[in-house]
Amino acid sequence: MISEPSRYYAVELQALPPRIGQIRRIVAAHLRHWQLDDLVDPVELGVTELLTNVHRHAQPDKECTVELELLLDRLTVSVRDNDPRIPVASETPAEELWGGPDALATSGRGLAIVGALSDSWGVRPGGVSGKVVWFTLTAPPCAGGPAVTGAEAGLGFGLMPLAPVVSYGRLAGVPLSTPAEAPALAASGARA
């Protein structure tokens, strides 16, 4: 059973307007590096909405952490803050977010937008230490790893598959470790 992310990135920040734009660009760069170009737009929008919620509503401070975790074909994006209050999503139906009477609203739609653009989303309470708001998206095949196709997949007998055969492989030179182990690996110089 694979339980470690094939890719992981985290950044801590103060959710202030100039930083939100910077984080959006950093997240986009990581997704492109991971060959997840198709997910850049929805992730940028989701991260912007979650960070804006931290900026507008979080107490006692605006400190938060944005995390990206790619595990096989699932990208999970999360924002952790220090406010234990659980957010409540708007009741606006998804189709009205873009063209209904609330389409020009400037607030109150963030979690509804996140819900509309993602496969799933939720909140993990952290007790007095805050909460994590997360959403997931399906990653395209072979994202974050080399594809195996054709003869490599056992099709060297003149047979052509109806669709390309794709499997996931570990990236050469990239250690698969939990975030807690990453500093220890870097300090020790260990390689996978």
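Is Asp83 buried or exposed in this structure? Asp83 is buried, with a relative accessible area of 4%; here buried means under 20% relative accessible area, exposed means over 50%, and partly exposed lies in between, with a 1.4 Å probe and protein chains only. Before we go on, a word on the model: it is predicted, so local features need pLDDT of at least 70 and side-chain atom pairs count only at pLDDT 80 or more, while totals for chains, interfaces and linings use all residues. Residues are numbered from 1 along each chain as its sequence is written, and side-chain values use heavy atoms, with hydrogens and water left out.

Let us begin with the strands. Helices (H or I, at least four residues) and strands (E, at least two) are DSSP runs, numbered from the N terminus. Strand β1, residues 7-14, runs antiparallel to β2 and is joined to β2 by eight bridges; two strands are said to pair if DSSP finds at least two bridges between them. Look for Gln14, whose bridge partner in β2 is Glu63. On from there, β2 pairs with β3, again in the antiparallel sense and over eight bridges. In this pairing, Leu70 stands opposite Leu75 of β3.

β2 and β3 form a hairpin with two residues between them. Leu72 sits in that loop and has a positive phi of about 55 degrees, although Leu72 is not a glycine. Its relative accessibility is 41%, so Leu72 counts as partly exposed.

Now follow the chain through the helices. Helix α1 has 17 residues and reaches 25 Å from its first C-alpha to its last, close to the 24 Å expected at 1.5 Å a residue; the expected span is 1.5 Å times one less than the number of residues. The buried residues of α1 are Ile20, Gly21, Ile23, Val27, Ala28 and Leu31. They cover an arc of only 160 degrees around the axis, which puts them on the same side of α1; the arc is that of the directions from the helix axis to the C-beta atoms. What do these buried residues pack against? Their partners are β1, α2, β2 and β3, where contact means heavy atoms within 4.5 Å. The face of α1 turned away from the buried side carries the exposed residues Pro18, Arg25 and His33.

Just after α1, Gln35 takes a positive phi of about 65 degrees. Gln35 belongs to the loop between α1 (17-33) and α2, and Gln35 is exposed, with a relative accessible area of 52%. In the loop between α2 (40-57) and β2 (63-71) you will find Pro60. The peptide bond from Gln59 to Pro60 is cis, with omega near 10 degrees.

The interior comes next. A nonpolar core is a set of buried Ala, Val, Leu, Ile, Met, Phe, Trp, Tyr and Cys residues joined through side-chain atoms within 4.5 Å. The largest such core holds 34 residues, and Leu31, Val43, Leu51 and Leu75 touch the most other members. Elements giving two or more residues to this core are β1, α1, α2, β2, β3, α4 (110-117) and β5. The largest share, six residues, comes from α2. Leaving aside its neighbours within four places in sequence, Leu51 is in contact with Leu13, Ala15, Ile20, Ile23, Cys64, Val66 and Val79.

Finally, turn to the charged pairs. The structure holds four salt bridges; a salt bridge is a side-chain nitrogen of Lys or Arg within 4 Å of a carboxyl oxygen of Asp or Glu. One of them joins the side chains of Glu67 and Arg80, at 3.6 Å from N to O. This pair links distant parts of the chain, with Glu67 in β2 and Arg80 in β3, 13 residues apart. Glu67 counts as buried at 15% relative accessibility, whereas Arg80 is partly exposed at 37%.

Another salt bridge is formed by Asp81 and Lys131, whose closest N and O atoms are 2.9 Å apart. Asp81 lies in β3 and Lys131 in β5 (residues 131-138), so the pair ties together parts that are 50 residues apart in sequence. Both Asp81 and Lys131 are buried. That brings us back to Asp83, which forms a salt bridge with Arg85, the closest N and O atoms being 2.6 Å apart. Asp83 is buried, while Arg85 is partly exposed, with a relative accessible area of 43%.
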